[in-house]
Amino acid sequence: VICPQCQEPNPPTNKFCALCGFKLLKPANPSVQPPAPVVSTSGAANVVLTALRADGTEAGAYTLPTNPSTVGRDTGAIFGGDSYLSPRHATFSIKAGRLFVKDEGSLNGVYRRLRRDTPVQLENGDIFRIGQEIIRLEALTPAPATPDGVERLGSPSKGYVARLALVIGRDATGNAFPVPDTGLHLGRERGDILFPEDGYVSGLHCQISVQGGRLSLTDLGSSNGTFLRVLGETEISGGDILLMGQQLFRVTV
């Protein structure tokens with residue numbers, strides 16, 4: 001059986017490619033091998049995803065065999081045992097010497113770890129993760145008064161620019177916390193929003209800042225990191241840490 005991802009010949013009894021771990025589909029007629037797809041491999045052999053355990057040790061590595069390369073649960077190898085990964089989760093591509101990742105509409109998303117003390121601008125609807133908490137930023141737009149000057153009950157209070165909503169399901173949110181125009185801090189023990197029962201959240205974990213009407217997110221040296229969900233095709237760099245499913249992957253270029 002010819003692997004459709006890396007074109008490696010495999011014995012007909014193999015369920016996964018011996019070279020790249022891709023899940024193999026047997027042809028209807030074993031005596032006739034399907035033609036191998038023509039895929040450019042330019043530059044892809046230099047990109048490696050290394051799975052990291054909770055203690056930081058390596059749990060296996062996967063070299064991207066093609067450019068572009070799509071990975072997910074169906075890829076097998078270091079991705080095969082994670083039920084939180086979609087079958088086709090993310091695509092990595094190299095363009096003009098720059099590396100990009102694109103979420104392929106996965107259920108649980110692709111997150112990139114923020115670098116310590118480096119603010120990243122947030123947009124309405126952005127989702128980030130600290131510990132086991134998944135949080136969505138929602139802008140607060142003041143509701144205009146009626147023509148007779150009566151303000152609507154429940155309109156956002158003055159001094160608040162957004163709210164942070166806890167994501168508890170695909171289309172559901174739980175508690176929500178208003179974000180004042182002075183910003184706020186999140187943590188397990190210190191800050192304005194606390195998650196005392198989440199052992200993966202640091203005592204003081206991250207900060208939401210507001211400047212000139214723009215919001216930014218900064219990791220404050222947390223032990224387990226602050227992760228921002230990737231939207232569309234996003235450029236990444238060697239050394240970046242990605243969270244896909246329940247696994248961490250270090251990108252090496």
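Q: In which loop is D117 found?
A: Keep in mind that this is a predicted model. Strand β6 covers 110–113 and β7 covers 120–122. D117 is found in the loop between β6 and β7.

Q: Is D117 buried, partly exposed or exposed?
A: Buried would need under 20% relative accessible area, and exposed would need over 50%. D117 has a relative accessible area of 48%, so it counts as partly exposed.

Q: What is phi of D117?
A: D117 is a residue other than glycine, yet its phi is positive. A77, in the loop between β3 and β4, is also a residue other than glycine with a positive phi, near 50°. For D117, the value is near 55°.

Q: Where is the place of P68, which has a cis peptide bond from N67?
A: The bond from N67 to P68 has omega near 5°, and it is cis. As for its place, P68 sits in the loop between β2 and β3.

Q: How many helices and how many strands are there in the chain?
A: The chain has 253 residues, and 39% of them count as buried. Among contacts with a separation of 6 or more, 48% come from residues 24 or more positions apart. As for the elements themselves, the count is zero helices and 19 strands.

Q: Which residue in β19 stands opposite V48?
A: Strand β1 takes in residues 48–52, and β19 takes in residues 247–252. These two run antiparallel and are joined by five bridges. Opposite V48 stands T252.

Q: Which residue in the turn of the hairpin of β14 and β15 has a positive phi?
A: β14 pairs with β15 in the antiparallel sense over six bridges, and Q211 has R214 as its bridge partner. Two residues lie between the strands of this hairpin. The one in the turn with a positive phi, about 60°, is G212.

Q: What is the bridge partner of L186 in β14?
A: β14 also pairs with β12 (residues 184–187). That pairing is antiparallel and runs over three bridges. L186 has as its partner C206.

Q: Why is the pair of Y62 and F79 edge-to-face?
A: The ring centres are 5.2 Å apart, and the cut-off for a pair is 6.5 Å. Planes over 60 degrees apart count as edge-to-face. Here the planes are at 80°, so the pair is edge-to-face.

Q: Which residues form one aromatic cluster?
A: Y62 is in strand β2 and F79 is in the loop between β3 and β4, 17 residues apart, so to speak linking distant parts of the chain. Both Y62 and F79 are buried. Together with a further ring, they make up the cluster of Y62, F79 and F249.

Q: Over the ring of which residue does the charged end of K95 sit?
A: The charged end of K95 is 5.9 Å from the centre of that ring. The cut-off for this kind of placement is 6 Å. The ring belongs to F100.

Methods: Residues numbered from 1 in each chain as written. Predicted model: local features only at pLDDT ≥ 70, side-chain atom pairs only at ≥ 80, totals over all residues. Heavy atoms only, no water. Helix = DSSP H or I, 4+ residues; strand = E, 2+ residues; numbered from the N terminus. Buried < 20%, exposed > 50% of the residue type's maximum accessible area, 1.4 Å probe, protein only. Contact = heavy atoms within 4.5 Å. Phe/Tyr/Trp six-rings, centres within 6.5 Å; stacked < 30°, edge-to-face > 60°. Lys NZ or Arg CZ within 6 Å of the ring centre and 35° of its normal. Pairing = 2+ DSSP bridges.
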